[in-house]
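Biologist: I would like to learn how to read a few features of a structure like this one. Please give the general idea, then the case at hand.

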Amino acid sequence: MALKTKNGLEPIEYAELAEHFVPDAQKVLSESSYDTTLGLNMARDARKVINGNLQIEDFHKIYSASLLKEFGDQYASVDTTTESTQKKDTGPKWGMVIDLKKCVGCDTCTVSCKSENRTPPGMSYNVVLETFKGDYPNISVVNLPRPCMQCDKPPCVQVCPTRATYKLDNGIVIIDNDRCIGCRYCMVACPYGARSYDFGDGYEQEMIGYNDVTSPEYGVERGERKKGKIPEETVRKCSFCYHRLQRGEEPACVETCIGDARYFGDMNDPNSVVSKLAASPRAFRLKEELGTQPRVVYLR
Amino acid sequence: MMTKASLGKNMPAFQQKKRLRKIEIIWWTCLIICFGIGIYSIISGYFLEGMSSTYLSNIVPWGGWVAFYIYFIGMSAGSFLLSTMIYGFGMEKYEKIGRSALLSAIVCMITAITFIFFDIGRPDHIMNSVIYWNVMSTMSWEIHFYIVYIVLLVTELYFSMRKDLITLAKNNDIKGKIYRFLTFKKQEFTAADAARDKKRLKVMGIIGIPLAIFGVHGGTGSIFAVVKAQPYLNSGLFPLIFILSALVSGTALSIAVYVIKAKVQKQELDVPMVRSLGSMLALFLGIEFIMVWYEFLIGIYGLGHEELGTIKLLTGSKWWWSFWIFQMGLAMFFPLIILFIKKTRKSVNWILAASIMTIIGVVGVRFNMVVPTLIMPKLEGMPVGNYYPNLSEWLTTFGLIAMCLIIYTLGEKVLPIEELDSHESGVNKYE
């Protein structure tokens, strides 16, 4: 046989060799219940892809229709359009997981949020809703921290007449206070009551220096808080502490949570803690039936 | 009633004039005082303190001014659709109130926009809603529709008055000068002009119907109805109820304006027209009742926690009077009863009473559309809201209502709102 030749094998000889070992493709494929010619053609073109004579995207394009026809639901098509592949790589999509079993209702998140964002009286981006369930002695307390849900289908963005509130690629819903007209339609439309209106009040009387600086929300330094100056008389809300994220810090509520009940991270990364926790059977989201697709997941 | 209304004819002319002057002085004094107080409260509240001058909070972000905004939008709708019947579909028996219905539609629209303007936190940003038009937002569409609608109303009023404007432009006084300017010095009004204007009015009236129903009024109802976060508002029937109560309040307004004006000036009333308008009001009230009935029936059967809570707030909380007395009493059953009993539905005074009740009651209807659903907490554990318009809001409201009446009265005085040849006696009162 050819194996015994001294000078090694020529490529043509490999092919001959293979023909002896590999069973007849046509024969094998005809035994299966699926289309024989499709299999043969795909094998031929797959070799072309390996040799670099055919782009993998074109390969998918050529066969996706016939594969769908042949295998139906079992065929998981890969969307290979360049647009969507590019979109996937645009960076993190922030998400938050709150473990209700760990929350003790201490309101640290509320306090730290208030001091971080310097919210005026009557406004709190984050609140902990405390409800009592059952009758004594079978009683339980549910503490439900409620930041902005940063919905993927935000009702507030739908209704804003000026496009002053919109969704960033990283999943955060933000407000452009310089554009907001203060009509408060978004507050009516938010199913979670997560938006507040800045009535222009302040703590200056009880806390000297409160008005000296406005919180640098969205990374915009606005300086002194003054009557009639933005963000007064506009709508404000939790932004997952976007200004902190920009310098690589976690949101204030996550950082200060005493029971480590809050997790923050990239929902795009399947290996992140939040992604894994969000897939837990304990996970649920508030008012899911409304279809808002919140980015804040609770663990019950 | 005819006898009562025509009593004035027996009075000597100078006495009649003196009486009118006296009424006019009282009327203007009241309006200007109200308006002045309103302006004071707008400056001291809205401009100096901002939104914190109101009783609004983060839980109830919309209140009295929004309620009055939709109230006046509704009045405008009703008046306009009534005028459409006249100019668009040629129901000429109502022609006497055509122009005044158009004028009140314009004036109510202006008032409504003023109300919502003062409800906006940053009036300096207002142009953003035109520059950065969000096509997904019903509110953004409304702002655009309002502009088109007012332009259409003004044009329609102009063409409906053009004949009289040209006739009166010959007078040599200030009014004549204004009219000469308005008519572009056109001298004669021929039969061809009349036919063309009639056609124009018809076209505008018919364009106006979809604009008014879908654009302005159904659209304003949709601002509320599309909000899924408020299950009480979120129903397909809501915009229709909004239009129906608009028709109700608009018809009532037209009746009230016509009858009161005629009574004050001691002119002869067209009683058959008033009666027919009264039965139209009853029809609209009836349809509205059917819709409200099904809205509540389906809402209650849905067993939704928030919906049930809102209905409970409406019917059985400390605000019960707003629903039972204003919405169900004044704006539904009392006028319906008046307009169904044979004796009262024929009397102009009773019809006037029914329409005034409706006009007052619809204020409650509008408040019930805005406030109770916001008072209901959105999540369990959130605080229950509380809202009453405070003094500053009321003063501003009455000031703006006075502004509405001032503009209307001025319109009546300056423009030939009453048709020159409308009096059956054939006597032209301008000559």
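Modeller: We start with strand pairing: two strands pair if DSSP finds at least two bridges between them. Helices (H or I, at least four residues) and strands (E, at least two) are DSSP runs, numbered from the N terminus. Five bridges join β1(A) to β8(A), and these strands run antiparallel. Trp94(A) has Asp266(A) as its bridge partner in β8(A). The model is predicted: local features need pLDDT of at least 70, side-chain atom pairs count only at pLDDT 80 or more, and totals for chains, interfaces and linings use all residues. Residues are numbered from 1 along each chain as its sequence is written, while chains are lettered from A and ligands numbered from 1 in the order in which they are written.

Biologist: Which strand runs parallel to β1 (residues 94-99) of chain A?

Modeller: Strands of a sheet pair through backbone hydrogen bonds, either parallel or antiparallel. The parallel case here is β10 (residues 296-299) of chain A, joined to β1(A) by four bridges. The bridge partner of Asp99(A) in β10(A) is Leu299(A).

Biologist: In what order do the four strands of the open sheet in chain A lie?

Modeller: The order is β8-β1-β10-β9 (chain A), with mixed pairing. At the edges are β8 (262-266) and β9 (283-284) of chain A; each has a single partner strand, so one side of each is left without a neighbour in the sheet.

Biologist: How many residues of β8(A) are buried?

Modeller: A residue is buried if 20 or more other C-beta atoms lie within 10 Å of its own, exposed if 12 or fewer, and partly exposed in between; C-beta atoms are placed from the backbone. In β8(A), four of the five residues are buried, and the strand is mostly covered.

Biologist: Which residues of helix α6 (residues 108-117) of chain A are buried?

Modeller: An α-helix has 3.6 residues a turn, so residues three or four places apart point the same way. In α6(A) the buried residues are Cys109(A), Cys113(A), Glu116(A) and Asn117(A). They lie on the same side of α6(A), because they cover an arc of only 80° around the axis; the arc is that of the directions from the helix axis to the C-beta atoms. Their cover includes β2 (127-133), β3 (140-146) and α10 (252-256) of chain A. Just after α6(A), Arg118(A) has a positive phi of about 50°.

Biologist: What is the radius of gyration of each chain?

Modeller: The radius of gyration is taken over C-alpha atoms, and the globule rule is 2.2 Å times the number of residues to the power 0.38. Chain A has 11 helices and 10 strands, and buried residues make up 32% of its 300 residues.

Chain B, by contrast, has 15 helices and zero strands. Its radius of gyration is 22 Å, close to the 22 Å that the rule gives for 431 residues, so chain B is as compact as a globular protein of that length. Of the 431 residues of chain B, 44% count as buried.

Biologist: Which residues have the most contacts inside the largest nonpolar core?

Modeller: In soluble globular proteins, nonpolar side chains tend to be buried together. A nonpolar core is a set of buried Ala, Val, Leu, Ile, Met, Phe, Trp, Tyr and Cys residues joined through C-beta atoms within 7 Å. The largest has 164 residues, and Tyr69(B) and Leu281(B) have the most contacts inside it. Helix α3 (residues 64-87) of chain B gives the most to this core, 16 residues.

Two residues are in contact if their C-beta atoms, placed from the backbone, lie within 7 Å. Not counting residues up to four places away in sequence, Leu281(B) touches several residues, including Val248(B), Ile255(B), Pro335(B) and Leu339(B).

Biologist: Is Leu237(B) buried or partly exposed?

Modeller: Leu237(B) counts as partly exposed, because it has 16 C-beta neighbours inside 10 Å. Leu237(B) sits in the loop between α8 (191-225) and α9 (238-264) of chain B. Leaving aside neighbours within four places in sequence, Leu237(B) is in contact with Met291(B), Tyr294(B) and Glu295(B).

Biologist: How many residues does each chain bring to the contact between A and B?

Modeller: Chain A brings 36 residues and chain B brings 32 residues. The largest share of the chain A side, four residues, comes from α8(A).
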